Amino acid sequence: MCHLAFHRAAADSTASMANYTALHQKLADCINNNILPNCFKKITLKLETLQKAFTPGTELLLKKGRRLTEQTLDSCQLKRTRASEVRIDTRYLCTHLQRWGFIGKDLNYTDLALIIIFAKQPGLEPAQFTLHPTPLDINYNEFERLVLGISHHLYLAKTRYDPFEEFLGETMDHIFKKAGVLLELPDVEGDDV
């Protein structure tokens, strides 16, 4: 990166000025003028698409399912001390997503990586992303955003005409049942009473 920034600065200005410009300035210019516009277009487009999933209806649905979401993430974690915050590595989470039937034809690991970025970063601009001390760990809030992102991605892939909130509810029910935190009640017929 340093060599690229130096050669970019040398090509853009006189060679003598490139030697006197501070390295951090060369790197910032290289990233802002060359790397961000060319490499992050797909990420920003996907983040903008996923951001559209936030509606008052989806926020209400996520709020209602908050307890089940926490229990689901707890069920994914192997062991933890009670006092520590729940954070699960995305590798373990991917294993559970495979068990639940999400990774496959409609959701691949490339799409999942972009959805994880959506879950971890509240902003849309890659230049404004927050650096996390453990970038591959997911907590409760990020898991909610991950479920929302997966649901929205699958909704767009299947081109369903139902309201998105209904599809999100079905997806959350599916996850909760597969994780074992939501039990199905057997159907009781009215004639037997």
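Predicted model: local features only at pLDDT ≥ 70, side-chain atom pairs only at ≥ 80, totals over all residues.

User: Which residues are in H4 and H8, and at what angle do they cross?

Analyst: H4 covers residues 41–51 and H8 covers residues 109–120. Their axes cross at roughly 65°. The axes come within 10 Å.

User: Which residues make the contact?

Analyst: From H4, they are Lys42, Ile43, Lys46, Leu47, Leu50 and Gln51. From H8, they are Leu114, Ile115, Ile117 and Phe118.

User: How many of those are nonpolar, polar and charged?

Analyst: The contact of H4 with H8 has 7 nonpolar residues, 1 polar and 2 charged.

User: OK, new topic. How many salt bridges are there in the whole structure?

Analyst: The search finds 4. Side chains of opposite charge can pair when their charged atoms come close.

User: Let's take Arg66. How far apart are the closest N and O atoms in its salt bridge with Glu70?

Analyst: They are 3.0 Å apart.

User: Where do Arg66 and Glu70 sit in the helix?

Analyst: Both are in helix H6, residues 66–76. They are 4 residues apart, so about one helical turn separates them.

User: What about Arg66 with Glu144?

Analyst: Arg66 forms a salt bridge with Glu144 as well, with the closest N and O atoms 3.2 Å apart. This pair links distant parts of the chain. Arg66 is in helix H6, while Glu144 is in helix H9, residues 140–158. The two are 78 residues apart.

User: Why does Glu144 count as buried?

Analyst: Because its relative accessibility is 13%, and buried means under 20%.

User: Now Asp89 and Arg91. What joins their side chains?

Analyst: A salt bridge, at 2.9 Å from N to O.

User: Which of them is buried and which is exposed?

Analyst: Asp89 counts as buried, at 14% relative accessibility. Arg91 is exposed, with a relative accessible area of 58%.

Note on methods: Residues numbered from 1 in each chain as written. Heavy atoms only, no water. Buried < 20%, exposed > 50% of the residue type's maximum accessible area, 1.4 Å probe, protein only. Axes fitted to C-alpha atoms, helices over the stretch in contact; angles between N-to-C directions. Contact = heavy atoms within 4.5 Å. Nonpolar A, V, L, I, M, F, W, Y, C, P; charged D, E, K, R; others polar.
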